[in-house]
Amino acid sequence: MEDLVKYLGNPRNQDAVLELLVVHARLALVPLLLGLLAALPIGWAAQRYRRLRAMVLGASNVMYTVPSLALFVILPGLLGTKILDELNVVVALAIYTAALLVRPVVDALDALPGHVLAASTAMGYRPLRRALTVELPLAVPVLAAGVRVASVSNISLVSVGALIGVGGLGQLFTEGFQNSYNPPIVVGIALTLALALVVDLLLVGTLRLLTPWQAGRPTARSAA
Amino acid sequence: MFPQLADWLTDPANWTGDGGLLQRIAEHLRYTIIAVFGAALFAVPVGLAVGHTGRGATVVVGLANAMRALPTLGVITLLSLQFGVLKVGPVLLGLGILAVPPILAGAYAGVQSVDRAAVDAAAGVGMTSWQRLWKVEVPIAMPLLLGGLRGAVLQVVATATVAAYVGLGGLGRPLLDGLRVTDYPRVAGAAVVVALLALLLDLGLAGVQRGVVPRGLRLASGPRSPRRRGPFSWGGNRLVEPADQAGIRS
Amino acid sequence: MIEFRAVTKRFPDGTVAVDALDLVADSGKITVLVGPSGCGKTTSLRMINRMIEPSDGTILIDDLDIRSANPAVLRRGIGYVIQQAGLFPHRTVLDNVATVPMLTGWGRRRARARAAELLELVGLPTAMGRRYPAQLSGGQQQRVGVARALAADPPVLLMDEPFSAVDPVVREGLQDELLRLQSELGKTVVFVTHDIDEAIKLGDRVAVLREGGRLAQFAPPAELLARPADDFVASFVGRDRGYRALSFVGADGLTVHPLRTVAVGDAVPAVDEWSLAVDPAGRPRGWLPPGSAADQLTEDVLVPGGSLYTQGGPLRGALDAALSSPAGRGAVVDADGKLAGGVDAAEVLALLSAQRDGS
């Protein structure tokens, strides 16, 4: 315990830890956004065109099943980057997130009430406008659930990446282990939990903002 | 890079013998199976109980979510420092913690997915609580339960590379050793083998999951038809289960 | 016999679902609980098999306090049919029906044989036993639900809005089935519905409950229609009480007049009154208006007739046949559907007043 206080009291450690936290957040959340942006059109197309659907879902399943650590390692060969390049990590996790989110996008669009869509078309909405202003908002609750899971997943994956040297809070674990010193590890665990919690709360808050009509309901339920 | 990778993978010397891929695969699978089995011993009864009685859901859900956010590497390094490096315990415990949330979610979601009218009727015809659980709820819950197990297996297979970091075996060994000596074909080879292992296990478990769907449910058509594959089929892979979306995380 | 003695159910949030209910459901009869939503009818029903426990009061089945029995054992001796059937989707229809016998220790073969008998009893082909509930229509599922409830031959049958979720045509068929089964089996049935017409059709005695779980009136349907206890019951029973009460009045002494008939295909007679066209089997096909311009009697010349009154049925049928006929005279048929004659609306009313004077 007093080791922990000593560790945290040292300003150099504080700076280092803070920077690792920032890097970790960046490495986890940027791919989250990119993955979501990629998954939306892909999922939309897969839901709309029957022939694409099976193929897209199968491909995303495969991408998602491949362990991310393997992706971190294999991608450089394809991208020409180094393993530890931030770009490599971001691309790998973005692919991962996209693969994870395609399914919720499809499910969310599947679950859209048909009569609402028919009404909007009857009112004169063209496909793109309808997609953006009617389908997307209604799909948000189901999507949000998937995004929340993806966020925890990414945060966790970045920390595992420390095994091969990826930056972020995982480095506290490797540092602590190598020096047989507990405090960094404890701090790392605590901050990872805190980061996951904060991101989750932010996502829930955003969800509530985006879907004011859900205000009375207890939870957001998926179409599963 | 790829020709070297291919050479490395096709060289039998890398497969057989002490420290060869076959041995590493066996170790990797051993950690996975024990961790998932141990997690299931805890998570399946708890998930079934919470789903069946409807009580304790908030507590258990909170617990599962907290476990999900725990960084496995952190847990394992901390425990290893406490209980000694090269001990299997910390690794198994860490991987077990990783496996609990998906299994818990799968069991819970499975029981919750049973038609409420059927459960009411089961009580009404005179089944005891126990009989209701085993004769009606569990058989119908099997696909989602297995989906949870499937997700857990995949998570653990992916993360069991961590074992090598604290001095044990598994496919993490060639990965980390190769990194240390910048033998990239070895690193990539290990990565490919892990990926293939994960894919094969997923395929196999997907088949089991399909096989376990009661015939009466398979015949039900419509959006609830358990004919979907992919990360989300019946509790799907890893972290993402319908349970997550349906409220276990809300 | 099922007896409610001052039974009350209070829920934790304060709502009183059932308020000091005193009721006796006679053995071998159908007792219907009917009322608006929130009147406690389903709650009352579910207290009989201890799916819900009363807050106060006692429920006795054949003079035995239900609390003295283990709930699961109690329920195996009571048939339970619910609105959505609640069939077990993972079991075949046959195994669904065989559930209670198997629970009470019959062997699988014996239980399945019994289940097959029951499928026949409720009017389903035994081949259906091999199917799964998902493959059945709503009406078929309900029949299976009834078969399952009857499998262990329980003396008591509880039915909670069992026919509400199916369409009206299927519902009528199921109601008729229930009446037929009851005439064969003579169970003590407690039936819950929100539909007063269903209650009147099925019930030997009907209990009308008001919101807040209090009993407004408990009487045979004819009495409910003729002498509702208060305004609530009167409005709940609905309009056309007088007319509907005729369902309970016999038609003895009603004169059946001979009717002028023509056969399809005959030449059109030149007469000044309506004629009833019949087919070769003697069944009514429609009315031929007087002074028709056609030569040959074909189907399209005919005016469709009103309802048919089957001989031996209640007076309501006779009145409706007379009122709905374009010719002013109702067509009367026998049990095979063959024309027996005609009835006049005026004579129906005359008979009614004669009965009232005489009684």
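**Reading the chains and a helix pair**

Mentor: Chain C has 13 helices and 16 strands, and please keep in mind throughout that this is a predicted model.

Trainee: How many helices and strands are there in chain A?

Mentor: Chain A contains 9 helices and 0 strands, and its pattern along the sequence reads α-α-α-α-α-α-α-α-α.

Trainee: What box do the C-alpha atoms of chain A fill, and what does the trace of chain C span?

Mentor: Taken along the principal axes, the box for chain A is roughly 70 × 45 × 25 Å, while the C-alpha trace of chain C spans about 80 × 50 × 35 Å. As for burial, 46% of the 224 residues in chain A are buried, and in chain C the buried residues make up 40% of its 359 residues.

Trainee: How should I describe two packed helices?

Mentor: In general, two packed helices are described by the angle between their axes and the distance between those axes. Here, helix α2 (residues 11-48) of chain A and helix α3 (residues 50-65) of chain A have axes that come within 6 Å and cross at roughly 135 degrees, which makes α2(A) oblique to α3(A).

Trainee: Which residues make the contact between α2(A) and α3(A)?

Mentor: From α2(A) the contact is made by A:I42, A:A45, A:A46 and A:Q47, and from α3(A) by A:L52, A:R53, A:V56 and A:L57.

Terms used. Residues numbered from 1 in each chain as written. Chains lettered and ligands numbered in written order. Predicted model: local features only at pLDDT ≥ 70, side-chain atom pairs only at ≥ 80, totals over all residues. Helix = DSSP H or I, 4+ residues; strand = E, 2+ residues; numbered from the N terminus. Buried ≥ 20, exposed ≤ 12 C-beta atoms within 10 Å, placed from the backbone. Axes fitted to C-alpha atoms, helices over the stretch in contact; angles between N-to-C directions. Parallel < 35°, antiparallel > 145°, perpendicular 65-115°, else oblique. Contact = placed C-beta atoms within 7 Å.
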